[in-house]
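Q: I have a chain open on my screen and would like to talk it through. Could we start with its surface and then work inwards?

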Amino acid sequence: MNNENNTIHGIDVDLICNFFLNTERQGPGSPEATLKALSFIDNLTDQSLIADLGCGTGGQTMNLAQHTPGHITGIDFFPGFIDRFNTNAGKLNLQDRVKGIVGSMGNLHFREEELDLIWCEGAIYNIGFERGLNEWRKYLKTGGYIAVSESAWFTAERPAEIHNFWMEAYSEIDTIPNKVAQIQKAGYIPVATFILPETCWTEHYFAPLAKAREIFIHQHAGNKTVEELIKFQHYEEELYSKYKEFYGYVFFIAKKIEQ
């Protein structure tokens, strides 16, 4: 998660981030989806350098680290996430090759062609899909990979209610073929694309959110902004249940080529 605006849907971003400290993942996904995406990536070694951008508390990062060699740097703008990230790395004895730092995905400090893999689950929307693809490319070695999960339409047309919701939330949402075309235009070879299964939303995102809400409501009893946040989350779940055949998260894996 990496949003440097002060609000999301009119709600203070620090409040939202504090809420998500109580969750392992900050968006739809699962260990199985992470490892499926990783299965399309080869040539990683003990010397490989990997960046997880918008890493949040590092749920997917720790999963990556346990199944691939190399050194991983997690980057997120919210210090609370990074504190939790580094604590989690320590608990798993990964601290020698997994480190979280506070930073901006729109202002990275890696050297050009330093990275073997850029990972970003559910966070590229914070700077925009096309911008991320184009700006991050220079940090990848030729032949290096980028793997991102991103919201996408499954159909060319959809009901007005869900269309309008996403246009307000993230106007760059597009169909899968159009996203793949953007990847090619940015100088990558598309390697694999797959839709995250429904369980990535229901079991690994919405269910943990329900538990986190219990904690947060207890901590912030009577807080109207917290009530608005909870109300929005319920609406988001209702929309997904109603319109899940029209949209979802999609993993895109691609490889940098010479241009």
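Q: So how much accessible surface does the chain have?
A: The accessible surface of the chain comes to about 11,800 Å², and carbon and sulfur atoms account for 48% of that; the areas come from the Shrake-Rupley method with a 1.4 Å probe, and for residues only the protein chains shown count as cover. This is a predicted model, where local features need pLDDT of at least 70 and side-chain atom pairs count only at pLDDT 80 or more, while totals for chains, interfaces and linings use all residues. Residues are numbered from 1 along each chain as its sequence is written, and side-chain values use heavy atoms, with hydrogens and water left out.

Q: And what fraction of the chain is buried?
A: Of the 259 residues in the chain, 53% are buried, where buried means under 20% relative accessible area, exposed over 50%, and partly exposed in between (1.4 Å probe, protein chains only).

Q: Which residues touch the most other members of the largest nonpolar core?
A: They are L53, W119, W136, I146, Y247 and I253, in a core of 85 residues; a nonpolar core is a set of buried Ala, Val, Leu, Ile, Met, Phe, Trp, Tyr and Cys residues joined through side-chain atoms within 4.5 Å.

Q: What does Y247 touch?
A: Leaving aside residues up to four places away in sequence, Y247 touches A152, W153, F154, I162, W166, W201, E236, L239 and Y240, a contact being heavy atoms within 4.5 Å.

Q: Changing topic, how many helices and strands are there?
A: The chain has 9 helices and 10 strands, taken as DSSP runs (helices H or I, at least four residues; strands E, at least two) and numbered from the N terminus. Its radius of gyration is 18 Å, close to the 18 Å that the globule rule gives for 259 residues, so the chain is as compact as a globular protein of that length; the radius is taken over C-alpha atoms, and the rule is 2.2 Å times the number of residues to the power 0.38.

Q: What is the phi of N43, and where does N43 lie?
A: N43 has a positive phi of about 70° although it is not a glycine, and it lies in the loop between α2 (31-38) and β3 (49-53). Most residues other than glycine have a negative phi.

Q: Is N43 buried or exposed?
A: N43 is exposed, with a relative accessible area of 64%.

Q: And what about N93?
A: N93 also has a positive phi, near 60°, and sits in the loop between α4 (79-91) and β5 (98-102); N93 is exposed, at 62% relative accessible area.
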